[in-house]
Amino acid sequence: MLPFIDIPGVHFLYTITSVLLISVLTRLVLYVSQQMMRTAVSTWKVILLSLGTGLSAVLATYSFTLSIDADPAPQATWLFFAINFCVSSISGALILLVVRSPIGNTKHDLLISLLLAALIYLLHMMTPFFLYPDLRDVHLVEVLTAIVMTQSTIFSLFRFVNMYTNGERMKWSKLLLSFGSLMSGIAIVGLGYCIFAAFTSYHSAASHSFHFLIPTVIVLTSNTVLTVIPLLYRNRALLMTHQLYQSLFNDNPNAVLAVKSDGSIQHANKESKFLTGYDEETITKMDAAALFLDKEIFRDYLSIIENGRSHQWDTKLINRSGVQKDVHITGIPTIVKHHIVGYFLVIKDISHMIETAKQVEFLAYHDDLTKLPNRRLMQQQMQDYADKGITFSILLIDYDLFKRINDIFGHSFGDKVLIETASRLEKILDGKGTVNRVGGDEFLLIVPGKPSNRLAQVIVEQFRQPMRLQDYELVLQASIGIASFPEHAEDMDNLYKYADIAMYQTKENGGNNYTVFQPEMAEKQVLRFEIEHELQEAIETQAFDLYFQPKFHSFTRTITGAEVLLRWHHPERGFIPPNVFIPIAEESGLIVAIERSVIERVMACLSKWRKETYECTIPCISINVSVITFLQDDFSSFFRERLNHYNLTGNMLELEITERVVMQNETKINSTLQKLRETGVKISIDDFGTGYSSLNYLDKLQVDILKIDQTFIQHIEYNQSIVATILSLADNLKLHTIAEGVETEAQLRALRGLGCTEVQGYLFSKPLPQSDFESAYILQIPADA
């Protein structure tokens with residue numbers, strides 16, 4: 001007799017226990033399988049769960065046997081439960097191993113469910129065969145029906161478990177999961193009653209219907225629920241997926257075309273309308289290749305996609321107005337059931353990117369101001385000519401006095417001068433070479449063929465013509481250096497270096513001309529490099545000698561002061577004139593250290609002389625200061641600190657600056673001059689009249705002395721009016737004057753006649769070494785006498 005017939009209360013309780021055990025077991029399997037999908041689960045946990053499955057099945061079966069109104073055969077009980085435990089454990093392990101397979105593989109699900117159904121059917125069939133052999137009675141129709149129901153139920157159950165293991169969780173998934181687990185427990189226990197009824201005897205036909213049909217109805221109902229749940233989820237998942245891909249398609253910032261395998265456009269998103277200019281109705285009637293400039297290449301790329309591979313390429317799209325646009329295409333094959341039925345084309349407009357890239361590339365190889373090729377493109381072009389064996393010349397041009405334009409008129413005006421200069425050079429070349437701006441006011445011309453001195457001469461003459469900008473007329477002086485490939489050098493760096501050497505030779509020769517490189521010029525450059533290196537050693541060892549050239553009153557012939565000069569007696573090269581090493585020191589920046597050393601040594605001399613004689617007998621010493629040293633930010637503080645160190649007053653010193661200093665930044669110059677004059681030091685302008693003197697500057701700048709350059713004194717008989725003008729100017733500005741380079745009595749008489757009271761030159765004394773100067777002009781009288 002079966003349960004819930006004879007003793008419904010007691011037997012039904014055992015049935016409910018079996019259902020709950022199977023339900024809980026199902027829920028546990030779902031939880032573990034989900035964890036296995038997200039994180040690695042150790043093998044021991046899988047084994048323990050499988051053994052737990054076997055134990056739960058034994059307990060459920062035991063509850064099931066308690067619901068049977070018959071005593072089981074005692075001799076087979078332990079063997080039955082052992083086999084039950086093993087088969088259930090294997091089933092649990094199998095479920096955990098295969099349940100993580102992707103959703104939708106029906107063939108795979110069917111094969112796995114067949115195996116599981118066989119195991120479960122075997123498990124339930126053992127109950128009547130092992131425990132109740134006296135009730136055994138096989139009913140073929142019921143046996144076959146039970147087999148079909150077992151397969152169907154296990155298939156639905158496995159799909160349900162597989163769906164939750166692989167699928168995304170929904171808001172109602174916990175409730176649905178619990179309900180599905182309960183249905184699984186009912187179905188498994190119900191199958192047990194159906195299979196038991198198929199293999200046992202009945203008292204009557206009504207008993208048969210009651211024992212077999214009711215569990216069958218329950219199993220079919222549970223099976224239906226387990227079948228519907230995955231369908232509901234699948235429909236919901238399909239809807240979500242459809243909406244997801246619709247959003248990806250329609251809201252994509254790029255144009256997206258769905259194209260059939262024959263090349264016709266099936267769908268187009270809204271961005272396609274803006275890119276192509278065609279509305280959706282028109283574009284879906286077009287062939288995809290018709291949108292692109294090179295249709296053959298487009299079809300070649302599509303053949304790659306038709307072979308199942310994605311591909312990307314750049315091409316040009318022609319919109320409805322005929323405008324060509326640069327686009328980047330990503331082609332993706334559309335695969336349905338392992339067959340390519342078409343492809344998606346994701347089209348990105350890269351016109352702006354390409355234009356930006358072109359601008360970046362242009363700026364990388366061209367000067368931003370003049371739009372001429374820059375140094376990088378210049379080097380590349382020179383190397384291209386050399387690689388092809390083309391003879392060419394380079395003309396390196398530097399414009400003298402350009403810095404003065406920036407200082408006087410400002411950098412914006414200077415930029416306009418550079419633009420006009422570039423335009424003039426391009427007109428002169430007239431396409432027969434290229435003009436490059438290599439930095440600042442330097443330009444380089446690359447001219448194919450043998451060197452043309454005529455071209456350099458034309459450039460010099462053209463720039464002698466005034467340049468008119470903003471009501472100003474300017475005349476630039478071009479200093480040009482010429483070097484040729486392969487005559488002078490086959491290496492591009494050396495070729496440029498030789499042109500630079502030739503250009504500096506032009507500057508040394510007075511500028512406003514051109515010079516063709518000669519090998520001996522390189523030797524001279526090497527000499528300059530060696531002298532620069534030796535200058536550093538001379539600074540460290542104080543190898544420079546101080547010479548003093550006295551200044552005198554033109555009427556009384558008494559000493560009024562002295563100018564300190566540097567002399568360098570090299571141990572190997574002998575005497576190196578100042579006009580050789582001073583320019584090198586200025587170019588290398590070593591002049592700052594040299595002149596600060598001179599200031600330090602002169603102050604030390606003054607301190608020593610003051611201790612050895614009366615202070616009133618010490619002449620004022622003047623020191624030449626270059627523009628580089630004078631414009632150092634800390635120069636005034638350095639000068640003041642050294643005065644304090646030697647306990648000197650500034651009125652014992654005079655600083656001589658050139659007119660190049662005067663032409664620098666007016667505000668900064670005045671600030672520095674004011675700080676220096678606060679110490680009592682006098683400021684004189686050296687070589688006055690030979691540079692860029694301006695009455696406006698002299699009126700604003702706080703200087704004390706003008707030194708009339710020796711070029712006016714040497715031929716004073718011709719320059720007397722100029723000297724008189726300078727003296728009159730100084731008198732009006734309340735400035736003192738001193739004449740340099742006085743060598744004859746005639747020159748002295750002329751200066752006296754013009755009212756110049758202080759002179760300097762070989763007529764009175766040549767520059768003297770420190771020891772000779774001290775013995776001749778510093779009285780050795782103790783300070784306490």
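Where does K371 lie? K371 sits in the loop between α11 (351-365) and α12 (375-387). Let me come back to that residue after a tour of the chain.

First, the ground rules. This is a predicted model: local features need pLDDT of at least 70, side-chain atom pairs count only at pLDDT 80 or more, and totals for chains, interfaces and linings use all residues. Residues are numbered from 1 along each chain as its sequence is written, and side-chain values use heavy atoms, with hydrogens and water left out.

Now the overview. The chain has 28 helices and 22 strands. Helices (H or I, at least four residues) and strands (E, at least two) are DSSP runs, numbered from the N terminus. Of the 785 residues in the chain, 46% are buried. Buried means under 20% relative accessible area, exposed means over 50%, and partly exposed is in between, with a 1.4 Å probe and protein chains only. Next, contacts, meaning heavy atoms within 4.5 Å. Take those between residues at least 6 apart in sequence: 68% join residues at least 24 apart.

On to the sheets. Strands of a sheet pair through backbone hydrogen bonds, either parallel or antiparallel. Here, two strands pair if DSSP finds at least two bridges between them.

For angles, axes are lines fitted to C-alpha atoms, for helices over the stretch in contact, and values run from 0 to 180 degrees between N-to-C directions.

Walk across it with me. β1 (residues 255-260) is joined to β5 by six bridges. A258 stands opposite F344 in β5. Then β5 (residues 339-349) pairs with β4 over ten bridges, antiparallel. There, G331 has L345 of β5 as its bridge partner. Finally, β4 (residues 324-336) and β3 (residues 311-318) pair over eight bridges, again in the antiparallel sense. T315 faces V327 in β4. These two strands, β3 and β4, form a hairpin with five residues between them. In its turn, G322 has a positive phi of about 85 degrees.

A second open sheet also has five strands. Their order is β7-β8-β6-β11-β12, and the pairing is mixed. Which strands are at the edges? They are β7 (434-439) and β12 (513-516), each pairing on one side only. The twist averages 20 degrees from one strand to the next. Inside this sheet, β6 (residues 392-400) and β8 (residues 442-448) pair antiparallel over seven bridges. I397 has F443 of β8 as its bridge partner. Helix α15 (residues 453-462) packs on the sheet and touches β6, β8, β11 (477-485) and β12. The direction of α15 makes about 165 degrees with that of β11.

F485 and P486 are joined by a cis peptide bond, with omega about 0 degrees. P486 lies in the loop between β11 and α16 (492-508).

Next, a helix pair. The axes of α17 (residues 519-541) and α18 (residues 578-588) come within 10 Å and cross at roughly 80 degrees. That makes them roughly perpendicular, a class that covers 65 to 115 degrees; under 35 is roughly parallel, over 145 roughly antiparallel, and the rest oblique. On α17, the contact uses R528, I531, E532 and L535. On α18, it uses V580, F581, I584, A585, E587 and S588.

Now a buried spot. T629 is in helix α20 (residues 627-630). Its relative accessibility is 0%, so T629 counts as buried. Leaving out residues up to four places away in sequence, T629 touches I591, V592, E595 and F635.

Back to K371, as promised. K371 has a positive phi of about 65 degrees, although it is not a glycine. Its relative accessibility is 45%, so K371 counts as partly exposed. Q542 also has a positive phi, near 50 degrees, and is a residue other than glycine. Q542 lies in the loop between α17 and β13 (544-553). With a relative accessible area of 45%, Q542 is partly exposed.
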